[in-house]
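This briefing covers selected features of one model, grouped by topic. The sequence and structure come first, and the notes follow.

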Amino acid sequence: MKRHSTLSNEFWLLKRMVRYDKRYPLFLLASIAAKLALPFLSALLPAAAVAALTRGGGMGHYLAVIVGLMALYAGCTFLRDWLENRNNILKADFRMEVGMAMLMEKTMTMDYNKLEPAEGQKLLSAAKNMAGNPMAGGIDGMLRAVEPWLRSLLGLLLYGAAAVALDWRILLVLAGMTLSGMVLDTVVRRYEERTEEESKQNFREQDYLLSQSDDPVNGKDVRLYRMENWFVTSLLGVFQRRWAWRRGLNRRRAAALTSDALFLALRDILAYTVLVSSFLAGRTDAAGFTFTLGILATLTALLKEFTQVTDNTLYWNIGFDNYRVFMEQDSAPPSGHGAKAASVRRPPRVELRDVTFSYPEAETPAIDHLSLTLEPGEKIALVGLNGAGKTTLVKLLTGLYQPESGEILVDGVPVRDFDQKEYFRLVGTVFQDVSLLPFTIGENVAGREQFDREQVWEALDRAGLREAVNALSKGLDTSLTQKMEKDGVDLSGGQRQRLSFARALYKDAPLLILDEPTAALDPLAEADLYHKYAREMADKTGVFISHRLGSTQFCDRVVYLDSGRITETGTHQELLARGGAYAKLFEVQSSWYKDEKKEDGKHEET
């Protein structure tokens with residue numbers, strides 16, 4: 001992974017901030033000016049009071065000077081607070097509206113093959129933490145560091161000049177303090193860099209456990225199987241690893257704090273010695289003495305702030321760079337060579353030629369030199385044991401994965417010639433795990449906010465769900481789940497599958513892939529739904545994938561997979577007659593139903 005310097009990341013972020021709100025540089029400069037003026041006025045006020053007492057002058061002159069300085073101080077304080085509030089709101093809005101939105105867009109549009117593996121999920125988790133968690137630094141921390149870093153740097157130049165005029169040795173002590181602090185801070189940062197992977201893994205485990213503990217889907221199992229202690233113990237284990245890491249960090253930071261304390265004591269001894277000598281020698285008066293002390297105190301505070309902000313920014317950059325690396329990774333889907341979905345006939349011919357695909361770090365291919373042809377309008381059933389490669393083949397056919405070798409063609413056109421979005425127009429899917437968003441039924445069927453209501457109703461009708469939706473008071477405008485709307489409804493497993501089928505029908509893609517679409521249904525509901533699939537797919541080329549072999553009897557051909565290869569192919573009856581792996585699997589499943597019928601008969605007799 002390419003890493004970026006702190007300065008590079010700050011510029012990368014600031015460019016986007018200026019694009020988001022062009023007033024940001026003006027607010028930034030005004031805030032710096034107000035905050036630099038305040039410590040100067042703070043040093044000037046007591047010096048002016050001392051001058052009035054020791055240099056003579058009437059009460060009117062004294063009041064005029066003091067009131068004027070206090071009014072100026074109050075004005076700068078108001079401006080500082082207003083700008084601080086305005087900039088904080090701006091940074092928070094930017095983090096949510098741009099930082100999080102960019103991450104969301106990247107996640108939903110990047111190549112799925114790069115996102116799904118463990119490494120992709122680890123990068124995403126780290127990027128989400130940097131974008132959405134202000135406590136972790138990330139976007140919020142990097143933006144928050146800009147103003148104090150620039151202000152303290154400019155202040156050091158201005159106030160440092162005054163210190164040099166007083167005695168150059170004071171600046172030498174401060175330089176030693178800075179150098180020592182930077183060396184010790186580097187030790188701390190190296191520790192943070194060495195343990196970055198461990199820290200990211202801990203964050204990922206923590207986020208996962210917290211999200212799973214309050215997920216209603218897990219609520220039943222957690223209670224019935226008394227998993228709460230398991231969850232809490234696991235979470236505490238993550239916290240303990242975080243605390244151990246934090247203790248190691250604090251031990252290293254303690255050395256830097258001790259160094260600062262020693263150098264500050266040395267600076268104060270030297271400064272007071274120089275100022276007292278100058279006062280006793282008559283080279284400065286009490287007012288000058290007071291003002292110079294204020295300037296030196298401000299210079300020390302600025303120096304300490306500069307080193308702290310620099311160190312914090314270097315630390316935050318370690319995490320923030322995960323966000324930028326994720327955002328800039330070359331993960332765009334295949335761009336294709338101009339092939340258009342509109343040129344594909346309905347139904348299409350689909351051909352896989354010597355296709356091989358392997359997962360990262362896998363010892364054997366998930367799909368191993370597989371060749372298969374689906375004729376236009378043909379319906380095939382892909383069957384096999386767990387791990388045979390069925391789901392991987394689905395991802396290849398849908399375009400979510402690209403073959404490692406070999407090629408897939410639709411009507412003779414290689415899939416790689418299509419832009420991925422263009423190819424997705426050709427594919428409709430119904431998966432076992434139906435993803436329904438907490439929006440309206442109409443929006444879920446259409447997959448977008450604006451849709452053709454008549455076409456949605458037609459798709460629901462063809463999927464066998466029109467009557468159920470029509471019975472709802474808001475019809476298509478009924479929200480699903482209560483995550484966003486309190487009057488939302490939850491669908492049963494069968495209704496969710498039918499709605500997913502309606503979504504595929506609304507899309508009207510010529511290639512339809514059904515991956516375990518009836519796993520949650522009873523045999524009667526499964527048979528009914530398969531009848532609908534078969535009836536509504538007359539103008540489509542179809543692929544059915546199921547552990548249960550009920551779908552095979554509705555298909556033109558059965559393809560049996562084993563270890564990523566086709567080991568048997570033929571009609572349901574042909575494969576039964578052959579007596580191979582398919583026939584044995586069908587016999588085992590058939591025996592379940594026979595045994596159930598025998599048991600039902602015994603119960604009836606009693």
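Strand β8 is covered on both of its faces: T541, V543 and I545 on one side are buried, and so are G542 and F544 on the other. The model is a predicted one. Five of the five residues of β8 are buried, so the strand is largely enclosed by the rest of the structure.

- β8 belongs to an open sheet of six strands, ordered β6-β7-β8-β3-β9-β10, and the pairing is mixed.
- The edges are formed by β6 (427-431) and β10 (565-570), each of which pairs on one side only.
- Direction ignored, neighbouring strands in this sheet are turned by 20 degrees against each other on average.
- Sheet strands are joined through backbone hydrogen bonds, in either a parallel or an antiparallel sense.
- β7 and β8 are paired in the parallel sense over five bridges, and L511 is the residue opposite T541 in β8.
- β3 and β8 are also paired in the parallel sense, over four bridges; here K379 is opposite G542 in β8.
- β3 (residues 379-383) pairs with β9 (residues 557-562) as well, in the parallel sense and over four bridges.
- Within β9, V559 is the residue that stands opposite L382.

**Helices on the sheet**

- Helix α12 (residues 390-397) lies across β3, β6, β7 (511-515), β8 (541-545) and β9.
- The direction of α12 is at about 155 degrees to β7.
- Helix α17 packs on the sheet too, where it touches β6 and β7.
- The direction of α17 makes about 180 degrees with that of β6.

**The α3 and α11 pair**

- Helices α3 (residues 59-109) and α11 (residues 286-328) pack with their axes 10 Å apart and at an angle of about 40 degrees.
- The two helices are therefore oblique to each other, since an angle counts as roughly parallel under 35 degrees and as roughly perpendicular from 65 to 115.
- The crossing of α3 and α11 is left-handed.
- On the α3 side the contact involves V98, G99, M102, L103, K106 and T107, which meet Y323, F326 and M327 in α11.

**Backbone geometry**

- The peptide bond from R346 to P347 is cis, and its omega is near -10 degrees.
- P347 is located in the loop between α11 and β1 (350-357).
- D354 is not a glycine, yet its phi is positive at about 50 degrees.
- D354 is part of strand β1 and, with 37% relative accessibility, counts as partly exposed.
- S563, also a residue other than glycine, has a positive phi near 55 degrees.
- S563 sits in the loop between β9 and β10.

**A buried loop residue**

- T481 is found in the loop between α16 (466-470) and α17 (493-507).
- The relative accessible area of T481 is 16%, so T481 counts as buried, the cut-off being under 20%.
- Leaving aside neighbours within four places in sequence, the contacts of T481 are P438, G488, V489 and D490.

**Aromatic pairs**

- Searching the whole structure gives 17 aromatic pairs.
- One aromatic cluster is made up of Y112, F357, Y359 and Y401.
- The distance between ring centres and the angle between ring planes are what describe an aromatic pair.

Technical notes. Residues numbered from 1 in each chain as written. Predicted model: local features only at pLDDT ≥ 70, side-chain atom pairs only at ≥ 80, totals over all residues. Heavy atoms only, no water. Buried < 20%, exposed > 50% of the residue type's maximum accessible area, 1.4 Å probe, protein only. Contact = heavy atoms within 4.5 Å. Phe/Tyr/Trp six-rings, centres within 6.5 Å; stacked < 30°, edge-to-face > 60°. Pairing = 2+ DSSP bridges. Axes fitted to C-alpha atoms, helices over the stretch in contact; angles between N-to-C directions. Parallel < 35°, antiparallel > 145°, perpendicular 65-115°, else oblique. Left-handed = near helix turned anticlockwise from the far one by under 90°.
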